[in-house]
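Dear colleague,

I am passing the structure below on to you, together with some notes on what turned up when I went through it. Please have it open while you read.

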Amino acid sequence: MSSPLMVVAIGGNALIKDKQHQTVPDQMAALGMPGRWWSREYAGGEVLIVGLDSNLVDDPDQRAWLESTLSSSPARWKIVALHHPPYSAGYQGSSLAVRQAFTPLFAEHGVSATSLQMIAD
């Protein structure tokens, strides 16, 4: 492969927060995060990778952005990356909040896979 590998972080737990649980923009920038949620296209638009903040499942702006991003993308492969898994066999289990908030949109808009930032098993 001649393309460089790009790594972008996904927000979760204390990754981008200070001791008062406030978002720290400098940490987000240092980790290559363009925002709390983001999307990038690869392979000439064939692959869409979406990063969500699974700490903010009830955020109406994130949900509206996700629906708009997924519905407007013609990508063949749509992959969503998040910190808390909607389904997991790990000891920390699945996130019911993530499952209820996001998986209906994943199904409706043809998300091919979800990827997890971290499972501390």
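What share of the 121 residues in the protein is buried? Buried residues make up 36% of them, where buried means under 20% relative accessible area, exposed means over 50%, and partly exposed lies in between (1.4 Å probe, protein chains only).

Before the details, a word on the basis of these notes. This is a predicted model, in which local features need pLDDT of at least 70 and side-chain atom pairs count only at pLDDT 80 or more, while totals for chains, interfaces and linings use all residues. Residues are numbered from 1 along each chain as its sequence is written, and side-chain values use heavy atoms, with hydrogens and water left out.

The protein has three helices and four strands, these being DSSP runs numbered from the N terminus (helices: H or I, at least four residues; strands: E, at least two). Read from the N terminus on, the elements follow the order α-β-β-α-β-α-β. The accessible surface comes to about 7200 Å², of which 54% belongs to carbon and sulfur atoms, as given by the Shrake-Rupley method with a 1.4 Å probe, where for residues only the protein chains shown count as cover.

Strand S2 (residues 47–51) pairs with two other strands, a pairing being called when DSSP finds at least two bridges between strands. On one hand, five bridges join S2 to strand S1 (residues 38–42), and these two run antiparallel; Tyr-42 has Val-47 in S2 as its bridge partner. S1 and S2 form a hairpin with four residues between them, and in the turn Ala-43 has a positive phi of about 55°. On the other hand, five bridges join S2 to strand S3 (residues 77–82), and here the strands run parallel, with Ile-49 bridged to Ile-79 in S3. Between S2 and S3 the chain passes through helix H2 (residues 60–72), and this β-α-β crossover is right-handed, meaning that, with the strands pointing away from the viewer, the path from the first strand over the helix to the second runs clockwise. Four of the five residues of S2 are buried, so this strand is largely enclosed by the rest of the structure.

The structure holds one salt bridge, defined as a side-chain nitrogen of Lys or Arg within 4 Å of a carboxyl oxygen of Asp or Glu. Its partners are Arg-36 and Asp-53, whose side chains meet at 2.1 Å, N to O. Because Arg-36 lies in the loop between H1 and S1 and Asp-53 in the loop between S2 and H2, the pair ties together parts that are 17 residues apart in sequence. Arg-36 counts as buried at 17% relative accessibility, and Asp-53 is buried as well, with a relative accessible area of 0%.

Trp-37 also lies in the loop between helix H1 (25–30) and S1. Not counting residues up to four places away in sequence, Trp-37 touches several residues, including Gly-51, Asp-53 and Trp-65, contact being heavy atoms within 4.5 Å. Trp-37 and Trp-65 are 28 residues apart in sequence, and their C-alpha atoms are 8.7 Å apart in space.

Finally, Thr-114 is found in strand S4 (residues 113–116) and is partly exposed, with a relative accessible area of 36%. Leaving aside neighbours within four places in sequence, Thr-114 is in contact with Val-80, Pro-86 and Phe-106.

With best wishes
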